[in-house]
Amino acid sequence: MIDLLLGQVFLHSETEHRERLIWLLPRRSGGWFIDIDDPKAVPICRARSELGELTAAGTVAVVDDPWIGQGEALTDSRATRRDEAFSLLKPLLAQQPDIFDPRKRAPAVNSHAAETGTTRQKIYRLLRRWWQRGMTPAALCPDYAASGAPGRPKPDRGIKRGAPVLYGGTGMNVDETVRTAFRKSVNEHLATKKSKNGSNGKIDIATCYDLCLKHHFTDLVFDEASGRQKKKLREEHPSLAQFRYWLEQDNDLFELARKRRTPRVYDKDSRAILGTSLDEVNGPGSRYQIDATIADIYLVSRFDRRKIVGRPTIYVVIDVFSRMIAGVYIGLENASWVGAMTALANAACAKPAWCAQFGIEIGEADWPCHSLPAVLLADRGEMLGPAANTLIQRFGMRLENAAPYRADWKGIVERRFGLLHAAFGPFTPGFVAPDFRERGARDYRLDATLDIDDFTKIIINIVLYYNNQHMLGGYERDPQMIADHVDPVPLDLWSWGIQRRTGLQRSFPEDLVKLALLPSGEASVTAKGLRFNRLYYSCPRAIAEHWFEKARQTRSWKVPISYEPRLMDTIWIRDPNGRGPFEPCSLTVRSDPFRGRTLWEIDQIQKEDRRQRAERLPAQTQGRIDFMSSIDEIVDNAKARKPEDRRSKAERTRDIRGSRTEERAALRPREAFDLAPNKGGSADVLPFDRNQDRPSDDYDLPPMENIRKHLDKSDGEDGDA
């Protein structure tokens, strides 16, 4: 059986009307009800048994009261009207339930109307409103919202609606024809990014109104002064205020703005921001964001501080949950995979050793990030390609790429760049102020003083301050954080999240991370070694497995490799399945001239080599033509000197060996080395020792003592001279 409560609203599904219980009969045996949707409704009595049968049949059910919450935040005038109406009804409400009976209600209303000087219609209207809207003083609030038939077109009775026109014509009413002209002009001129003639200048509302008048509210008339037809504005035409009003009524202004600015620009700058970056993270390491910017400072060379090397690139890797800066890269590489991989490797490495390279001593607790995230959000250009796929295969990361022109998707890391520039800008020479390159502004490039190492030290100190002391202004702490007195400081949030939340950070060996992040390619196995970018490499594994012999004897094949573009002395053979170790390969002697060089330098050298070869090619071709012409000339001369020989083949080839001997003997004097310094002069005679007992026919060399004496004597004579 249904439990009856005063004020309940029942829906009758068969007739789709709602009734409110306005009075309970004794022992809850039934009650008085009124239809809350009928403007002429009167109270009716229903027994509880009747309601029970309807409820059991499923045709009656209790529903929410549509008038709950009415009457809030009333103005003084509306509250006064409400109180006056309640005072008027009080004597009649005191006669309930007798007043529910129509035989008693009519005399009571007539008598009260006469006493108060009020019409019966007003009293009935207020009584009905009291019962239908919940039987509270708020039910008697005036319905000003329904005044003037809002949302419904007004009929044209031949006079202008609205405020009268004080200046400039009589005005006109806007009918459906005029509204159609308005909508057509808006679609042609306002709801587009470019103007109709193709220019990028956007048309404002006033100009669109003028174009609407030009095309729809003018007539062609003959101009006697010029002798030509021209468009003349009609006397009756809509005003700019009417155009603006119907622009708002007939169009979605937000969708119109989205079309004018293009959806991607509107979504980036003007969309509603209902969520936060914390919606999809569970704890530290759940999601990192990475992005790059060009620092607003000019640096000098480390080797010659008189040389300006330009502005460095800064990569920042930030943890979304704690806002901790997990890794950075400061260098002269452009925004590319090389800079991104260095920043990711920095995020995965222990920071004390890295900071020590720049003379900054920190503890592990000062910068505890040394892990890779579960999800990485980055730009499309850097995280597309085989190199980025390694993050998925080796480390199980999920990559997310921001859409073009949607830097707001990486709003956290984008905001960090502003903090970094604001931190070092006022204190560093060479900082680029907003007036850079304006007329009369100083050339900040001439103030460059810091080198890349100096600037890296500054950024490290700023990051340490930000991670350990900076209070996050807009960070939404949950009740548990507030209860645990967790300050909105990145390091405190990181530490609390590691202990209380699901930490998804995963640590890997630093060398493995660096190798896995290197760009990948394919090297060809050849007889000369592993060829990559026209360089040749070798490794113990290739030698042991006779790769190069196989390539020479059969055919070449390719192997996947990783390489470090900043130093091409070594490449690493990768496991095709992404699980095995990396095999290092060193440059061979053939490519030794390129040792210690970057990929860019090698590419430039090779391009220069090809350029020089291309320049030399015409001379080489001309040389070939010249020597071929010389050969032809020599052959022709030889043919001319050769006498006609009518001997037989046997006679001509009979004594080739003897002829060769004669020719060789004749050539020997010409081919012999003539080493005499004074051709035709006398030579020194070396005296022999006649005292020794030597045969007269002994032509052996004299003893070494005689030779030394002769040489010493010659040296002495030369010295005296």
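Which residues gather in a patch of positive charge on the surface? The views below are of a predicted model, in which local features need pLDDT of at least 70, side-chain atom pairs count only at pLDDT 80 or more, and totals for chains, interfaces and linings use all residues. Residues are numbered from 1 along each chain as its sequence is written, and side-chain values use heavy atoms, with hydrogens and water left out.

**View 1. A patch of positive charge on the surface.** Lys-528, Arg-531, Lys-558 and Arg-590 make up this patch. Patch residues have over 30% relative accessible area and no salt bridge, and like charges are joined within 9 Å. A salt bridge is a side-chain nitrogen of Lys or Arg within 4 Å of a carboxyl oxygen of Asp or Glu. Lys-558 belongs to strand β18 (residues 557-563); strands are DSSP runs of E, at least two residues long, numbered from the N terminus. Lys-558 counts as exposed because its relative accessibility is 52% (exposed means over 50%, buried under 20%, partly exposed in between, with a 1.4 Å probe and protein chains only).

**View 2. The covered strand β3 (residues 30-35).** Six of its six residues are buried. Gly-30, Trp-32 and Ile-34 point one way from β3, while Gly-31, Phe-33 and Asp-35 point the other way. In a regular strand, side chains alternate between the two faces of the sheet.

**View 3. The partners of β3.** Strand β2 (residues 17-24) pairs with β3 in the antiparallel sense over five bridges; pairing requires at least two DSSP bridges between two strands. Glu-19 has Asp-35 in β3 as its bridge partner. In the β2 and β3 hairpin, with five residues between the strands, Arg-27 takes a positive phi near 55°. Strand β4 (residues 44-47) runs antiparallel to β3, joined by four bridges, and its Arg-46 stands opposite Gly-31.

Note on methods. Patch = residues over 30% accessible without salt bridge, like charges linked within 9 Å, V, L, I, M, F, W, Y side chains within 5 Å. Areas by Shrake-Rupley, 256 points an atom, 1.4 Å probe, with all protein chains shown as cover. Lys, Arg positive; Asp, Glu negative; His and termini not counted. Charge placed at Lys NZ, Arg CZ, Asp CG, Glu CD.
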